[in-house]
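Please keep the sequence and the structure in view while reading.

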Amino acid sequence: MRITINQQCKTPYFRQITNQIKGMILKGEIPDGTMLPSERTMAELCKVHRNTVIKAYHELKADGFITSSQGKGYMTVYRQQEEEHDPEPFNWESK
């Protein structure tokens, strides 16, 4: 996973991280059930403060793209949630 922070951009760093991760999830580049880097690791990779990553992860969680579990970390769940809201499967035997 490669997140690029544009320091010249007026968009806040946490929003840049959030938007890039959302984009990767929606494109299928990050599959459902993928563990994201820890807050500290992501902060080091992006060269930002850990609080910036925490804010990005909280926004992703609020939007339903990831979930968190104490001691385990952050995991993508977006695709799974979409499937749960799908209509009942088509019954081929009734046709």
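In this predicted model, helix α3 is followed by G64, a residue whose phi is positive, near 85°. Helix α3 itself covers residues 50-62, and because its 13 residues at 1.5 Å a residue should span 18 Å, the distance of 18 Å between its end C-alpha atoms agrees with expectation.

The buried residues of α3 are T52, V53, I54, A56, Y57, E59 and L60, and what covers them includes α1 (13-26), α2 (39-46), β1 and β2.

Strands β1 (residues 66-69) and β2 (residues 73-76) pair in the antiparallel sense over four bridges, with S68 standing opposite Y74 in β2. Three residues lie between the strands of this hairpin, in which G71 takes a positive phi near 90°.

How many aromatic pairs are counted? The count comes to one aromatic pair: the ring centres of Y57 and Y74 are 4.4 Å apart and their planes stand at 55°, so the pair is tilted. Since Y57 lies in helix α3 and Y74 in strand β2, the pair ties together parts that are 17 residues apart in sequence.

| Residue | Relative accessible area | Class |
|---|---|---|
| Y57 | 0% | buried |
| Y74 | 12% | buried |

Technical notes:
Residues are numbered from 1 along each chain as its sequence is written. This is a predicted model: local features need pLDDT of at least 70, side-chain atom pairs count only at pLDDT 80 or more; totals for chains, interfaces and linings use all residues. Side-chain values use heavy atoms; hydrogens and water are left out. Two strands pair if DSSP finds at least two bridges between them. Helices (H or I, at least four residues) and strands (E, at least two) are DSSP runs, numbered from the N terminus. Rings of Phe, Tyr and Trp (its six-membered ring) pair if their centres lie within 6.5 Å; planes under 30 degrees apart count as stacked, over 60 as edge-to-face and the rest as tilted. Buried means under 20% relative accessible area, exposed over 50%, partly exposed in between (1.4 Å probe, protein chains only). The expected span of a helix is 1.5 Å times one less than its number of residues. Contact means heavy atoms within 4.5 Å.
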